[in-house]
Amino acid sequence: MTVRTVLESKQQGRPVVMVTAYDYPFARLADAAGVDMILVGDSLGNVVLGYPSTVFVTLDDMVHHTKAVRRGVQRALLVADLPFLTFHLSVDEALKAAGRLVQEGGAEAVKLEGAGRVAEVVHRLTEAGIPVVGHLGLLPQRVHALGGYRVQGRDEEEARRLLDQALALEQAGAFALVLEMVPRELAASITRRLRIPTIGIGAGPDCDGQVLVIHDLLGLTHGRVPRFVRRYAELGRLALEALQRYAADVRNRTFPTDEHSYHLAPDVAQRLAD
Ligand code: KIV
Ligand code: NA
C-alpha cells in the first residue's frame with residue numbers, strides 16, 4: 001500500500017481499512033489480516049502505557065513503538081501520530097519531529113490533529129516529502145481544553161467550521177483525513193466534498209474508510225467501550241481465563257509435567273542420585 005493506492009481507493013469506491021498497532025506481534029497480525037493502513041496512534045498512551053490521556057505521550061515513546069511496529073509490517077502503509085505539542089512550537093520543530101518518526105521509526109506518513117495554523121505545518125511536511133494524514137472532529141490531545149471526550153460539530157456553525165477545516169487540510173496537501181466522533185451526516189458531507197479519503201472513527205458508515213483502536217476491537221480494553229466500537233473478539237476475557245488456569249495448575253502442581261521437562265542421560269541421572 002502506498003499514498004497513491006490510498007488515494008485511488010476513493011476513486012474506485014474501495015473502503016480503506018485502518019487499525020492501530022503499538023508493537024511487533026499486533027503489527028504482524030494486522031498486516032497478515034490485510035488491513036490497508038496501520039496507525040501507531042498516540043492512543044498508545046491510554047491503551048498500552050496506562051496513562052489517563054494522550055498528552056503524556058512523548059516523541060521518544062512514539063519513535064520506540066513505531067520501530068517495533070515497523071518490524072512487523074510488510075504490506076500496509078505505516079502511519080505514526082505526531083504527539084502532543086510536537087508540531088505547534090514552530091514548523092521547524094514539526095519537521096524535525098516528523099523526520100524522526102520517518103527516519104528512525106520507519107513510518108511512511110504522519111498524522112496530526114487539528115487545522116488552522118496546523119494546515120501550514122501539513123503543507124511544509126508534504127513539501128518535504130512526508131505524507132500527512134489530517135485528523136478533525138474530536139481531538140484527544142485537546143482533552144483539557146474540551147473538558148472531555150464528546151461528539152464534535154453538532155451545531156451548524158461548528159459543522160461548517162469543520163467542513164472548512166477539512167477543505168483547508170486537503171488544500172494543504174493531506175492525503176487522507178481521520179474524522180473522529182462527528183455526526184454521521186456531517187462526515188458524509190465532508191466525504192462528498194473532499195477528493196482525499198475520509199477515515200472515520202465514530203463518524204458513521206459514509207466515510208471512505210474506517211479506523212479502530214486494535215485493543216478495542218479485540219476486546220482487550222477495560223472499562224466502558226464507546227458506542228462506535230464493535231468488539232470482534234473478547235481476547236481480554238480469554239487471556240484472563242488462561243492466566244487463571246495457569247495459576248491454578250502451578251498451585252495444584254499439575255503444571256509443569258514430565259512432558260515439559262528436560263532429561264539427563266539415565267546413567268548420569270543414576271550416578272547423581274546415588
Ligand atoms: O491515536 C489513535 O488511536 C488515533 C485513532 C483513534 C484515529 O488517532
Ligand atoms: Na491519535
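L85 is partly exposed, since 13 other C-beta atoms lie within 10 Å, where a residue counts as buried if 20 or more other C-beta atoms, placed from the backbone, lie within 10 Å of its own, as exposed if 12 or fewer do, and as partly exposed in between. L85 has a positive phi of about 65° although it is not a glycine, and its place is in the loop between β3 and α5 (91–103). The structure is a predicted model, in which local features need pLDDT of at least 70 and side-chain atom pairs count only at pLDDT 80 or more, whereas totals for chains, interfaces and linings use all residues. Residues are numbered from 1 along each chain as its sequence is written, and chains are lettered from A and ligands numbered from 1 in the order in which they are written.

The chain holds 12 helices and 8 strands, these being DSSP runs numbered from the N terminus, with H or I over at least four residues for helices and E over at least two for strands. Its C-alpha atoms fill a box of roughly 85 × 40 × 35 Å along the principal axes, and 44% of the 274 residues count as buried. Among contacts between residues at least 6 apart in sequence, 58% join residues at least 24 apart, a contact being a pair of residues whose C-beta atoms, placed from the backbone, lie within 7 Å.

The 8 strands close into a barrel with parallel pairing, in the order β1-β2-β3-β4-β5-β6-β7-β8, and the twist averages 25° from one strand to the next. Helix α1 (residues 3–12) packs on the sheet, where it touches β1, β2 (37–40), β3 (77–81), β4 (109–113) and β6 (176–180), and its direction makes about 130° with that of β1; axes are lines fitted to C-alpha atoms, for helices over the stretch in contact, and angles run from 0 to 180 degrees between N-to-C directions. Strand β1 (residues 16–20) and strand β8 (residues 209–212) run parallel and are joined by 4 bridges, pairing being assigned if DSSP finds at least two bridges between two strands. Within this pair, V16 stands opposite G209 in β8.

The largest nonpolar core has 77 residues, of which M37, I38, V110 and L177 touch the most other members; such a core is a set of buried Ala, Val, Leu, Ile, Met, Phe, Trp, Tyr and Cys residues joined through C-beta atoms within 7 Å. Leaving aside neighbours within four places in sequence, L177 is in contact with residues including V133, L136, L169 and I196.

Ligand 1 is surrounded by T20, G41, D42, S43, D81, V178, E180, I201, V211 and V213, a residue being assigned to its surroundings if its C-beta atom, placed from the backbone, lies within 6 Å. This shell divides into 4 nonpolar, 3 polar and 3 charged residues.

In helix α2 (residues 24–32), F26 counts as buried because 21 C-beta neighbours lie inside 10 Å. Not counting residues up to four places away in sequence, F26 touches A21 and I214, while the C-alpha atoms of F26 and L7, which are 19 residues apart along the chain, are separated by 25 Å.

The loop between α11 (235–251) and α12 (266–273) contains P256, and the peptide bond from F255 to P256 is cis, with omega near -5°. R253 also has its place in the loop between α11 and α12; its phi is near 60°, a positive value in a residue other than glycine, and R253 is exposed, with 8 other C-beta atoms within 10 Å.

Conventions
Contact = placed C-beta atoms within 7 Å. Nonpolar A, V, L, I, M, F, W, Y, C, P; charged D, E, K, R; others polar.
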